[in-house]
Structures are given as structure tokens and as C-alpha cells.
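Subject: A structure for you to look at

Hi,

Here is the structure I promised to pass on. Please open it next to this email and follow along as you read.

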Amino acid sequence: EGPIARPKDAMCRAVQAELPGCIAVAILKVTDSSLVGLHHSGEFAGSFEEVVAAVLPGILRSAVVQEFEIRHAEGLGVQPEPAIPEITVSTGFSHQLCLLLSDNEHVLMVVTFRQTVPSDTWNALRSLAPTLQSMMNQ
């Protein structure tokens, strides 16, 4: 039995090809963290699906990050955003970048090698944003 095919796997493969140093791309639904797309280079122990399922909800729903955002917004006298639009987590081996897509229903997670400069990846993702949304609508 082969790997599970998801509706946006090809989109993830295309995004990975556009990002130097990228080793994985996943697209998840915000509401239930279900995977709708995935592509990776196989550099993870165990199932990458399990890694994403275990890690991404914690990144997106981190009470500490949300509390920080709420307090910062209050200090500025503005309403906090309903969801955090971009998150970067850097670990010893990689950077994980999470981008809330413009439909506010999906998150794109990109994993790069630690040597990759996160701002370069963000610039590339932002330039791909219109294409990403168009691909999500297909």
C-alpha cells in the first residue's frame, strides 16, 4: 500500500521546489489540524504526518504566544488579530515557518534546514502568496 494521497500534495511539492533549503511543506486546516497536503524529503524519524500532527497544533495554539499577542495589542490600544498570521520556530536542526493563508482556514508549514536564512524563506513565501491562494482555490 502506497502513501496516502491528499488534495494539496502537489501544491506542497511545488512550494518545496521554490524554496531553497526546504525539507518539508504541509498544509493543515486551522479548525481541526487535519492534513490536506504534505510533501517532504524523508529526513524525519518515523512518520512525518505524526510529527506535524503532534507539533503544529501546539505552535498555532500556544497559550504563551497568544497571551503575548493579546497583551501587546492591548498596550497598543488595538484589537488583537483573531489568529497569528506568521510564526517562526527555530530549533537546533531546522526552522519551522507557519503562514496563515489568506482564506484564514488553512496554515502552510514550511520546514527548512537550520542553515537557511528564515527571512529569505519568508520573502519567497510572501512573493508566492497570490499563487498559493490560487492553488488553494483549485
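Let's begin with contacts, meaning heavy atoms within 4.5 Å. Among contacts in the protein chain between residues at least 6 apart in sequence, 52% join residues at least 24 apart.

A word on where this comes from: this is a predicted model, in which local features need pLDDT of at least 70 and side-chain atom pairs count only at pLDDT 80 or more, while totals for chains, interfaces and linings use all residues. Residues are numbered from 1 along each chain as its sequence is written, and side-chain values use heavy atoms, with hydrogens and water left out.

**The overall layout**

The protein chain has four helices and five strands; these are DSSP runs numbered from the N terminus, with helices being H or I of at least four residues and strands E of at least two. Starting at the N terminus, the order of elements is α-β-β-α-α-β-β-β-α. Of the 138 residues, 38% count as buried, where buried means under 20% relative accessible area, exposed over 50% and partly exposed in between (1.4 Å probe, protein chains only).

**The sheet**

In what order do the five strands of the open sheet lie? The order is β2-β1-β5-β4-β3, with antiparallel pairing; two strands pair if DSSP finds at least two bridges between them. β2 (35–40) and β3 (86–90) are the edge strands with a single partner each, so one side of each has no neighbour in the sheet. From one strand to the next, the twist averages 10°.

With β2, β1 makes five antiparallel bridges, and here Leu28 stands opposite Leu35. β1 and β2 form a hairpin with five residues between them, and Ser33 in the turn has a positive phi of about 60°. β1 is also mostly covered, with seven of its eight residues buried.

On another side of the order, five bridges join the antiparallel strands β3 and β4. One example is Ile87, whose bridge partner in β4 is Cys98.

**The helices**

α1 lies across β1 and β2, at about 40° to β2. α4 packs on the sheet and touches β1, β3, β4 and β5, its direction making about 40° with that of β4. For these angles, axes are lines fitted to C-alpha atoms (for helices, over the stretch in contact), and angles run from 0 to 180 degrees between N-to-C directions.

Is α3 covered or hardly covered? It is hardly covered: one of its 14 residues is buried.

**The cores**

A nonpolar core is a set of buried Ala, Val, Leu, Ile, Met, Phe, Trp, Tyr and Cys residues joined through side-chain atoms within 4.5 Å. The largest has 18 residues, and those touching the most other members are Leu19, Val25, Ile27, Leu108, Val110, Leu125 and Leu132. Two or more residues each come from α1 (9–18), β1 (22–29), β4 (94–100), β5 (106–113) and α4 (118–136). α4 gives the most, with five residues. A second, separate core of 13 residues includes Ile23, Leu28, Ile84 and Met109.

Enjoy exploring!

Best wishes
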